[in-house]
2 protein chains.
Amino acid sequence: MKENSERIMISVKVKNSRSAACSKEMPCKIPSSYKISPDTVEKVKAVMNEDVSDTVVLLKALSDPIRLRILKALRISDFCVCVLVELLDCEYSKLSYHLKLLKEAGLIECKKEGCFLIYHLTELGEEMLESVEKLF
Amino acid sequence: MKENSERIMISVKVKNSRSAACSKEMPCKIPSSYKISPDTVEKVKAVMNEDVSDTVVLLKALSDPIRLRILKALRISDFCVCVLVELLDCEYSKLSYHLKLLKEAGLIECKKEGCFLIYHLTELGEEMLESVEKLF
DNA sequence: TAAGTATTTCAAATATTTTTGAAATAATGA
DNA sequence: TCATTATTTCAAAAATATTTGAAATACTTA
(Lines give C-alpha, C1' and ligand atoms only; values in the text may rest on other atoms or scores of the structure.)
Protein backbone atom coordinates (compact mmCIF):
# COMPACT_ATOMS: atom_id res chain seq x y z
CA MET A 1 0.00 0.00 0.00
CA LYS A 2 1.36 3.39 -0.93
CA GLU A 3 2.13 5.98 1.69
CA ASN A 4 -0.05 8.79 0.47
CA SER A 5 -3.17 6.77 -0.13
CA GLU A 6 -5.36 4.53 1.90
CA ARG A 7 -7.92 1.90 1.14
CA ILE A 8 -11.40 2.41 2.39
CA MET A 9 -13.77 -0.36 3.17
CA ILE A 10 -17.24 0.67 2.18
CA SER A 11 -18.51 -2.58 0.80
CA VAL A 12 -18.00 -6.08 1.98
CA LYS A 13 -14.84 -7.65 0.68
CA VAL A 14 -11.32 -6.35 0.21
CA LYS A 15 -8.74 -8.29 -1.73
CA ASN A 16 -5.04 -7.78 -1.42
CA SER A 17 -4.46 -7.73 -5.15
CA ARG A 18 -3.78 -4.39 -6.74
CA SER A 19 -4.73 -5.40 -10.25
CA ALA A 20 -8.35 -4.29 -10.46
CA ALA A 21 -9.78 -0.79 -10.61
CA CYS A 22 -11.99 0.47 -7.82
CA SER A 23 -15.02 -1.80 -7.52
CA LYS A 24 -17.16 -3.54 -4.97
CA GLU A 25 -14.51 -6.23 -4.50
CA MET A 26 -11.62 -3.77 -4.62
CA PRO A 27 -12.46 -0.39 -3.15
CA CYS A 28 -10.34 2.35 -4.61
CA LYS A 29 -7.54 4.15 -2.92
CA ILE A 30 -8.61 7.59 -1.83
CA PRO A 31 -6.36 10.60 -1.40
CA SER A 32 -5.13 10.95 2.15
CA SER A 33 -6.56 14.44 2.36
CA TYR A 34 -10.00 12.89 2.18
CA LYS A 35 -10.10 10.34 4.93
CA ILE A 36 -13.57 9.02 5.40
CA SER A 37 -14.53 7.94 8.87
CA PRO A 38 -16.73 4.90 9.44
CA ASP A 39 -19.11 7.34 11.05
CA THR A 40 -19.40 9.31 7.82
CA VAL A 41 -19.99 6.12 5.87
CA GLU A 42 -22.76 5.17 8.28
CA LYS A 43 -24.39 8.57 7.96
CA VAL A 44 -24.33 8.37 4.19
CA LYS A 45 -25.70 4.84 4.18
CA ALA A 46 -28.60 5.91 6.38
CA VAL A 47 -29.42 8.73 3.98
CA MET A 48 -29.16 6.41 0.99
CA ASN A 49 -31.94 4.32 2.49
CA GLU A 50 -34.33 7.21 2.69
CA ASP A 51 -37.24 6.93 0.29
CA VAL A 52 -37.21 9.80 -2.18
CA SER A 53 -39.95 8.60 -4.51
CA ASP A 54 -42.60 11.08 -3.33
CA THR A 55 -40.14 13.91 -3.68
CA VAL A 56 -39.25 12.79 -7.17
CA VAL A 57 -42.90 12.59 -8.25
CA LEU A 58 -43.49 16.11 -7.01
CA LEU A 59 -40.34 17.56 -8.53
CA LYS A 60 -41.03 15.84 -11.85
CA ALA A 61 -44.54 17.26 -11.87
CA LEU A 62 -43.05 20.71 -11.37
CA SER A 63 -40.21 20.45 -13.84
CA ASP A 64 -42.00 21.13 -17.08
CA PRO A 65 -42.67 24.52 -18.65
CA ILE A 66 -46.29 23.79 -19.52
CA ARG A 67 -47.06 22.51 -16.06
CA LEU A 68 -45.34 25.45 -14.38
CA ARG A 69 -47.42 27.77 -16.54
CA ILE A 70 -50.62 25.98 -15.61
CA LEU A 71 -49.77 26.43 -11.95
CA LYS A 72 -48.87 30.07 -12.42
CA ALA A 73 -52.14 30.73 -14.23
CA LEU A 74 -54.17 28.96 -11.56
CA ARG A 75 -52.54 31.05 -8.90
CA ILE A 76 -54.11 34.10 -10.46
CA SER A 77 -57.55 32.54 -10.75
CA ASP A 78 -59.37 29.24 -11.04
CA PHE A 79 -59.98 28.33 -14.68
CA CYS A 80 -61.91 25.77 -16.62
CA VAL A 81 -60.06 23.64 -19.12
CA CYS A 82 -61.40 25.46 -22.14
CA VAL A 83 -60.02 28.76 -20.87
CA LEU A 84 -56.66 27.23 -20.06
CA VAL A 85 -56.58 25.91 -23.62
CA GLU A 86 -56.75 29.51 -24.80
CA LEU A 87 -54.49 31.06 -22.21
CA LEU A 88 -51.74 28.49 -22.70
CA ASP A 89 -52.33 28.04 -26.41
CA CYS A 90 -52.33 24.30 -25.89
CA GLU A 91 -54.45 21.50 -27.40
CA TYR A 92 -57.08 19.88 -25.20
CA SER A 93 -55.54 16.42 -25.08
CA LYS A 94 -52.08 17.78 -24.39
CA LEU A 95 -53.36 20.02 -21.64
CA SER A 96 -55.40 17.18 -20.22
CA TYR A 97 -52.28 15.04 -19.96
CA HIS A 98 -50.45 17.71 -18.00
CA LEU A 99 -53.46 18.44 -15.79
CA LYS A 100 -53.58 14.76 -14.95
CA LEU A 101 -49.94 14.71 -13.86
CA LEU A 102 -50.43 17.79 -11.72
CA LYS A 103 -53.54 16.29 -10.16
CA GLU A 104 -51.75 13.02 -9.43
CA ALA A 105 -48.96 14.95 -7.74
CA GLY A 106 -51.56 16.65 -5.55
CA LEU A 107 -50.80 20.11 -6.86
CA ILE A 108 -54.21 20.85 -8.37
CA GLU A 109 -57.80 19.69 -8.05
CA CYS A 110 -60.95 20.25 -10.03
CA LYS A 111 -64.67 20.55 -9.47
CA LYS A 112 -67.53 20.24 -11.91
CA GLU A 113 -69.55 23.34 -12.70
CA GLY A 114 -72.19 22.49 -15.27
CA CYS A 115 -70.39 20.69 -18.04
CA PHE A 116 -67.19 22.53 -17.19
CA LEU A 117 -64.30 21.39 -15.09
CA ILE A 118 -62.85 24.18 -13.03
CA TYR A 119 -59.29 23.58 -11.90
CA HIS A 120 -57.71 25.19 -8.88
CA LEU A 121 -54.46 24.98 -6.92
CA THR A 122 -54.37 22.84 -3.81
CA GLU A 123 -52.69 24.12 -0.68
CA LEU A 124 -49.68 22.02 -1.61
CA GLY A 125 -49.75 23.54 -5.06
CA GLU A 126 -49.67 27.06 -3.66
CA GLU A 127 -46.87 26.21 -1.26
CA MET A 128 -44.78 24.56 -3.92
CA LEU A 129 -45.22 27.32 -6.42
CA GLU A 130 -44.36 29.91 -3.83
CA SER A 131 -41.17 28.21 -2.78
CA VAL A 132 -40.18 27.51 -6.36
CA GLU A 133 -40.49 31.22 -7.09
CA LYS A 134 -38.59 32.12 -3.97
CA LEU A 135 -35.68 29.95 -4.98
CA PHE A 136 -35.29 30.84 -8.60
CA MET B 1 -76.00 33.75 -27.03
CA LYS B 2 -77.50 31.85 -24.12
CA GLU B 3 -78.41 33.60 -20.90
CA ASN B 4 -76.32 31.59 -18.46
CA SER B 5 -73.12 31.56 -20.43
CA GLU B 6 -70.89 34.14 -21.99
CA ARG B 7 -68.23 34.20 -24.64
CA ILE B 8 -64.80 35.30 -23.65
CA MET B 9 -62.37 36.88 -26.01
CA ILE B 10 -58.93 35.71 -25.15
CA SER B 11 -57.55 35.30 -28.62
CA VAL B 12 -57.90 37.51 -31.62
CA LYS B 13 -60.90 36.62 -33.73
CA VAL B 14 -64.46 35.70 -32.78
CA LYS B 15 -66.89 34.33 -35.31
CA ASN B 16 -70.63 34.47 -34.91
CA SER B 17 -71.12 30.85 -35.90
CA ARG B 18 -71.95 28.42 -33.14
CA SER B 19 -70.86 25.32 -35.01
CA ALA B 20 -67.29 24.85 -33.82
CA ALA B 21 -66.01 23.77 -30.41
CA CYS B 22 -63.92 26.10 -28.32
CA SER B 23 -60.83 27.07 -30.30
CA LYS B 24 -58.71 30.06 -31.16
CA GLU B 25 -61.28 31.20 -33.72
CA MET B 26 -64.24 30.37 -31.54
CA PRO B 27 -63.53 30.81 -27.83
CA CYS B 28 -65.68 28.59 -25.67
CA LYS B 29 -68.58 29.67 -23.55
CA ILE B 30 -67.68 29.72 -19.91
CA PRO B 31 -70.06 29.25 -17.01
CA SER B 32 -71.39 32.54 -15.73
CA SER B 33 -70.11 31.76 -12.25
CA TYR B 34 -66.61 32.08 -13.66
CA LYS B 35 -66.50 35.45 -15.30
CA ILE B 36 -63.00 36.36 -16.28
CA SER B 37 -62.15 40.02 -16.29
CA PRO B 38 -59.89 41.48 -18.96
CA ASP B 39 -57.63 42.39 -16.07
CA THR B 40 -57.28 38.73 -15.09
CA VAL B 41 -56.54 37.78 -18.67
CA GLU B 42 -53.82 40.42 -18.80
CA LYS B 43 -52.28 39.19 -15.58
CA VAL B 44 -52.21 35.62 -16.85
CA LYS B 45 -50.75 36.66 -20.17
CA ALA B 46 -47.97 38.53 -18.42
CA VAL B 47 -47.14 35.45 -16.38
CA MET B 48 -47.25 33.23 -19.46
CA ASN B 49 -44.47 35.33 -20.97
CA GLU B 50 -42.14 34.76 -18.05
CA ASP B 51 -39.16 32.61 -18.91
CA VAL B 52 -39.18 29.42 -16.85
CA SER B 53 -36.35 27.59 -18.57
CA ASP B 54 -33.79 28.07 -15.79
CA THR B 55 -36.30 26.88 -13.24
CA VAL B 56 -37.07 23.83 -15.33
CA VAL B 57 -33.39 22.93 -15.73
CA LEU B 58 -32.90 23.12 -12.00
CA LEU B 59 -36.04 21.18 -11.12
CA LYS B 60 -35.22 18.51 -13.69
CA ALA B 61 -31.76 18.14 -12.27
CA LEU B 62 -33.32 17.60 -8.85
CA SER B 63 -36.08 15.25 -9.90
CA ASP B 64 -34.20 11.99 -10.10
CA PRO B 65 -33.56 9.54 -7.28
CA ILE B 66 -29.89 8.99 -8.12
CA ARG B 67 -29.21 12.71 -8.34
CA LEU B 68 -31.04 13.44 -5.11
CA ARG B 69 -28.96 10.76 -3.42
CA ILE B 70 -25.75 12.22 -4.77
CA LEU B 71 -26.71 15.60 -3.33
CA LYS B 72 -27.69 14.09 -0.01
CA ALA B 73 -24.39 12.25 0.21
CA LEU B 74 -22.41 15.36 -0.66
CA ARG B 75 -24.18 17.28 2.05
CA ILE B 76 -22.63 14.94 4.58
CA SER B 77 -19.16 15.22 3.12
CA ASP B 78 -17.25 15.91 -0.07
CA PHE B 79 -16.49 12.72 -1.95
CA CYS B 80 -14.44 11.61 -4.89
CA VAL B 81 -16.15 9.76 -7.71
CA CYS B 82 -14.73 6.39 -6.76
CA VAL B 83 -16.23 6.64 -3.29
CA LEU B 84 -19.59 7.76 -4.64
CA VAL B 85 -19.51 4.72 -6.90
CA GLU B 86 -19.36 2.60 -3.76
CA LEU B 87 -21.76 4.57 -1.64
CA LEU B 88 -24.43 4.76 -4.32
CA ASP B 89 -23.70 1.35 -5.78
CA CYS B 90 -23.64 2.89 -9.23
CA GLU B 91 -21.40 2.30 -12.25
CA TYR B 92 -18.80 4.91 -13.10
CA SER B 93 -20.28 5.97 -16.42
CA LYS B 94 -23.78 6.16 -15.05
CA LEU B 95 -22.65 8.20 -12.09
CA SER B 96 -20.60 10.42 -14.35
CA TYR B 97 -23.67 11.18 -16.43
CA HIS B 98 -25.62 12.26 -13.38
CA LEU B 99 -22.73 14.25 -11.98
CA LYS B 100 -22.54 16.11 -15.25
CA LEU B 101 -26.21 17.08 -15.11
CA LEU B 102 -25.87 18.28 -11.53
CA LYS B 103 -22.77 20.26 -12.45
CA GLU B 104 -24.51 21.85 -15.43
CA ALA B 105 -27.40 22.85 -13.19
CA GLY B 106 -24.91 24.55 -10.87
CA LEU B 107 -25.71 22.29 -7.93
CA ILE B 108 -22.26 20.72 -7.54
CA GLU B 109 -18.67 21.44 -8.46
CA CYS B 110 -15.46 19.46 -8.37
CA LYS B 111 -11.79 20.01 -7.79
CA LYS B 112 -8.83 17.84 -8.67
CA GLU B 113 -6.87 16.27 -5.87
CA GLY B 114 -4.12 14.06 -7.25
CA CYS B 115 -5.76 11.91 -9.85
CA PHE B 116 -9.03 12.12 -7.99
CA LEU B 117 -11.99 14.37 -8.58
CA ILE B 118 -13.57 15.53 -5.37
CA TYR B 119 -17.13 16.68 -5.76
CA HIS B 120 -18.86 19.09 -3.42
CA LEU B 121 -22.15 20.94 -3.17
CA THR B 122 -22.30 24.52 -4.34
CA GLU B 123 -24.10 27.12 -2.28
CA LEU B 124 -27.05 26.77 -4.65
CA GLY B 125 -26.91 23.02 -4.17
CA GLU B 126 -27.09 23.38 -0.40
CA GLU B 127 -29.94 25.85 -0.61
CA MET B 128 -31.92 23.72 -3.02
CA LEU B 129 -31.46 20.54 -1.04
CA GLU B 130 -32.45 22.28 2.14
CA SER B 131 -35.63 23.69 0.70
CA VAL B 132 -36.49 20.42 -0.99
CA GLU B 133 -36.23 18.68 2.36
CA LYS B 134 -38.26 21.37 4.07
CA LEU B 135 -41.07 20.96 1.60
CA PHE B 136 -41.35 17.22 1.37
C1' DT C 1 8.84 7.13 -20.50
C1' DA C 2 5.64 3.34 -19.39
C1' DA C 3 2.16 1.41 -16.60
C1' DG C 4 -1.62 1.99 -13.79
C1' DT C 5 -5.68 4.23 -12.21
C1' DA C 6 -9.70 7.59 -11.95
C1' DT C 7 -12.83 9.58 -14.57
C1' DT C 8 -15.18 11.00 -18.69
C1' DT C 9 -16.95 10.46 -23.23
C1' DC C 10 -19.24 8.19 -26.89
C1' DA C 11 -22.55 5.66 -29.48
C1' DA C 12 -25.89 2.20 -29.32
C1' DA C 13 -29.63 0.12 -26.74
C1' DT C 14 -33.49 0.94 -23.51
C1' DA C 15 -36.73 3.23 -21.12
C1' DT C 16 -39.60 7.03 -20.19
C1' DT C 17 -42.15 11.07 -21.29
C1' DT C 18 -44.65 13.90 -24.32
C1' DT C 19 -47.37 14.89 -28.35
C1' DT C 20 -50.94 13.92 -31.59
C1' DG C 21 -55.39 13.02 -33.39
C1' DA C 22 -59.29 10.18 -33.21
C1' DA C 23 -62.71 8.20 -30.46
C1' DA C 24 -65.10 7.74 -26.00
C1' DT C 25 -67.54 9.81 -22.13
C1' DA C 26 -70.46 12.69 -19.80
C1' DA C 27 -73.28 16.66 -19.09
C1' DT C 28 -76.53 19.94 -21.06
C1' DG C 29 -80.35 21.85 -23.27
C1' DA C 30 -83.71 21.59 -26.98
C1' DT D 1 -84.55 11.54 -27.07
C1' DC D 2 -80.97 13.90 -29.97
C1' DA D 3 -77.51 17.16 -30.88
C1' DT D 4 -74.03 19.82 -28.87
C1' DT D 5 -70.12 20.68 -26.27
C1' DA D 6 -66.31 20.04 -22.68
C1' DT D 7 -63.20 17.02 -21.37
C1' DT D 8 -60.72 12.73 -21.04
C1' DT D 9 -58.79 8.53 -22.75
C1' DC D 10 -56.27 5.75 -25.82
C1' DA D 11 -52.83 4.01 -28.82
C1' DA D 12 -49.35 5.16 -31.99
C1' DA D 13 -45.62 8.29 -33.11
C1' DA D 14 -42.07 11.38 -31.75
C1' DA D 15 -39.02 13.26 -28.64
C1' DT D 16 -36.05 12.91 -24.50
C1' DA D 17 -33.65 10.85 -20.95
C1' DT D 18 -31.07 7.12 -19.05
C1' DT D 19 -28.24 3.05 -19.08
C1' DT D 20 -24.53 0.29 -20.78
C1' DG D 21 -19.99 -1.09 -21.94
C1' DA D 22 -16.03 -0.02 -24.50
C1' DA D 23 -12.68 3.28 -25.56
C1' DA D 24 -10.47 7.72 -24.72
C1' DT D 25 -8.34 11.01 -21.63
C1' DA D 26 -5.57 12.66 -18.18
C1' DC D 27 -3.04 12.39 -14.10
C1' DT D 28 0.45 9.93 -11.18
C1' DT D 29 4.06 7.43 -9.97
C1' DA D 30 7.62 4.23 -10.82
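Helices (H or I, at least four residues) and strands (E, at least two) are DSSP runs that are numbered from the N terminus. With that in hand, chain A reads β-β-α-α-α-β-α-α-β-β-α from its N terminus on, which gives six helices and five strands.

This is a predicted model, in which local features need pLDDT of at least 70 and side-chain atom pairs count only at pLDDT 80 or more, while totals for chains, interfaces and linings use all residues. Residues are numbered from 1 along each chain as its sequence is written, chains are lettered from A and ligands numbered from 1 in the order in which they are written, and side-chain values use heavy atoms, with hydrogens and water left out.

**Strands in chain A**

Five of its six residues are buried, so β5(A) is largely enclosed by the rest of the structure. Here, buried means under 20% relative accessible area, exposed means over 50%, and partly exposed is in between (1.4 Å probe, protein chains only). Across chain A, buried residues make up 47% of the 136 residues.

Two strands pair if DSSP finds at least two bridges between them. β5(A) pairs with strand β3 (residues 79-80) of chain A in the antiparallel sense over two bridges, and with strand β4 (residues 108-113) of chain A, also antiparallel, over six bridges. Ile118(A) of β5(A) is the bridge partner of Cys80(A), and Lys111(A) stands opposite Ile118(A) too. Between β4(A) and β5(A) lie two residues, making a hairpin, and Gly114(A) in the turn has a positive phi of about 65 degrees.

**Strands in chain B**

In chain B, an open sheet of three strands has the order β3-β5-β4, with antiparallel pairing. Its edge strands are β3 (79-80) and β4 (108-113), each pairing on one side only. Six bridges join β4(B) to strand β5 (residues 116-121) of chain B. Ile108(B) stands opposite Leu121(B) in β5(B).

Most residues other than glycine have a negative phi.

Lys60(A) lies in helix α2 (residues 53-62) of chain A. With a relative accessible area of 47%, Lys60(A) is partly exposed. Lys60(A) and Ala105(A) are 45 residues apart in sequence, and 9.0 Å apart in space, C-alpha to C-alpha.

Glu126(A) belongs to helix α6 (residues 123-135) of chain A and is partly exposed, with a relative accessible area of 42%. On the surface, Glu123(A), Glu126(A), Glu127(A) and Glu130(A) gather in a patch of negative charge. Patches are made of residues with over 30% relative accessible area and no salt bridge, with like charges joined within 9 Å. A salt bridge is a side-chain nitrogen of Lys or Arg within 4 Å of a carboxyl oxygen of Asp or Glu.

Key. Patch = residues over 30% accessible without salt bridge, like charges linked within 9 Å, V, L, I, M, F, W, Y side chains within 5 Å. Areas by Shrake-Rupley, 256 points an atom, 1.4 Å probe, with all protein chains shown as cover. Lys, Arg positive; Asp, Glu negative; His and termini not counted. Charge placed at Lys NZ, Arg CZ, Asp CG, Glu CD.
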